[in-house]
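Trainee: I would like to go through the labels used for this model and check each against its cut-off.
Mentor: Go ahead, one label at a time.

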Amino acid sequence: MPIDFFSWTLIGLFGLAIGSFLNVVIHRLPRMLEAQWAAEAREHAGQAPVDEAPYNLAVPRSHCPHCQTPLSWRDNIPALSFLWLRGRCRQCQAPIGWRYLAIELLSSALLIWSVAAHGVSTSALAWAGFGCALLALAAIDADTTLLPDAITQPLVWAGLLAAALQLSGQSLTDALWGAVAGYLFLWSVYWMFKLLTGKEGMGQGDFKLLAALGAWLGWPALVSLVLIASLTGVAGGLLLRARGQLGEDGYIPFGPFLAFAGLWVMVWGPLPGLQL
């Protein structure tokens with residue numbers, strides 16, 4: 001059944017709201033993990049726990065990171081508040097990062113694409129969730145070089161479940177071998193690089209992310225995923241070097257490029273001639 005303009009508008013607005021929540025996850029989840037690790041380190045060292053104010057995805061209220069002023073409802077409307085305030089805090093006029101708006105718009109675009117490609121269905125919801133998870137992982141890894149297990153591991157299981165329920169278009173066999181082969185491929189690269197250089201070339205979160213991509217997109221897409229991620233990673237590294245923003249160790253997180261590859265294959269499919 002055709003979707004009218006009003007319904008598309010509602011879908012887009014819902015996508016903006018999802019993007020607003022993703023911004024909270026991107027900002028807070030790494031800090032929650034750091035607090036958890038610090039508490040575990042104190043416990044291991046036999047130190048008394050520190051009484052800290054609650055900090056999670058719901059508490060405290062959203063606030064300006066510069067002046068700490070809590071945001072009112074009118075300053076917390078996805079996309080519209082950013083545009084109305086011209087990208088600045090109402091109280092202190094400090095600039096608001098452009099990425100907040102970008103994440104909201106991309107989330108909205110992902111939801112619209114999912115419905116356009118799969119109709120109003122559970123499959124559309126599944127693919128939108130997959131894409132939004134990749135957005136969050138890419139931003140978190142870019143900021144912190146972390147790919148949290150709290151997202152990567154459920155994403156692997158969600159891909160296998162989506163295949164089992166015939167929501168992703170992959171057979172359960174292709175999804176299972178995609179997860180296994182994706183994990184083992186980067187695991188092998190990691191250990192080969194470490195044995196040859198004595199250094200760690202990537203984090204273990206990358207293994208899990210490629211496993212999740214394999215679970216959702218199937219093992220035949222793995223060559224395209226790795227090639228796209230590698231080429232865009234090299235291009236990103238060269239760009240950062242040209243701009244003088246590459247660190248002394250030359251390390252850049254690989255997660256954003258894997259996420260980009262996953263979104264590419266999700267929307268346009270594997271590269272021609274490279275699907276196994």
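Trainee: Why does F260 count as partly exposed?
Mentor: Its relative accessibility is 39%. Buried means under 20% relative accessible area and exposed over 50%, with partly exposed in between (1.4 Å probe, protein chains only). At 39%, F260 therefore counts as partly exposed. Note that this is a predicted model, where local features need pLDDT of at least 70, side-chain atom pairs count only at pLDDT 80 or more, and totals for chains, interfaces and linings use all residues. Residues are numbered from 1 along each chain as its sequence is written, and side-chain values use heavy atoms, with hydrogens and water left out.

Trainee: What makes the pair of F260 and W264 tilted?
Mentor: Rings of Phe, Tyr and Trp (its six-membered ring) pair if their centres lie within 6.5 Å; planes under 30 degrees apart count as stacked, over 60 as edge-to-face and the rest as tilted. Here the centres are 6.1 Å apart and the planes stand at 50 degrees, so the pair is tilted. W264 counts as partly exposed, at 32% relative accessibility.

Trainee: Why are F260 and W264 said to be separated by about one helical turn?
Mentor: Because they are 4 residues apart in helix 9. Helices (H or I, at least four residues) and strands (E, at least two) are DSSP runs, numbered from the N terminus.

Trainee: Why is the pair of Y190 and F207 called edge-to-face?
Mentor: The ring centres are 5.5 Å apart and the planes are at 70 degrees, so the pair is edge-to-face. Y190 is in helix 6 and F207 in helix 7, so the pair ties together parts 17 residues apart in sequence.

Trainee: How do you know that Y190 counts as buried, and what of F207?
Mentor: Y190 has 5% relative accessibility, so it counts as buried. F207 has a relative accessible area of 1%, so F207 is buried. The structure holds 8 aromatic pairs.

Trainee: What places the charged end of R28 over the ring of Y55?
Mentor: A charge sits over a ring if NZ of Lys or CZ of Arg is within 6 Å of the ring centre and within 35 degrees of the ring normal. The charged end of R28 lies 5.6 Å from the centre of the Y55 ring and sits over that ring.

Trainee: Which residues touch the most other members of the largest nonpolar core?
Mentor: F130, L217 and L225, out of 54 residues. Helix 4 gives the most to this core, with 12 residues. Such a core is a set of buried Ala, Val, Leu, Ile, Met, Phe, Trp, Tyr and Cys residues joined through side-chain atoms within 4.5 Å.
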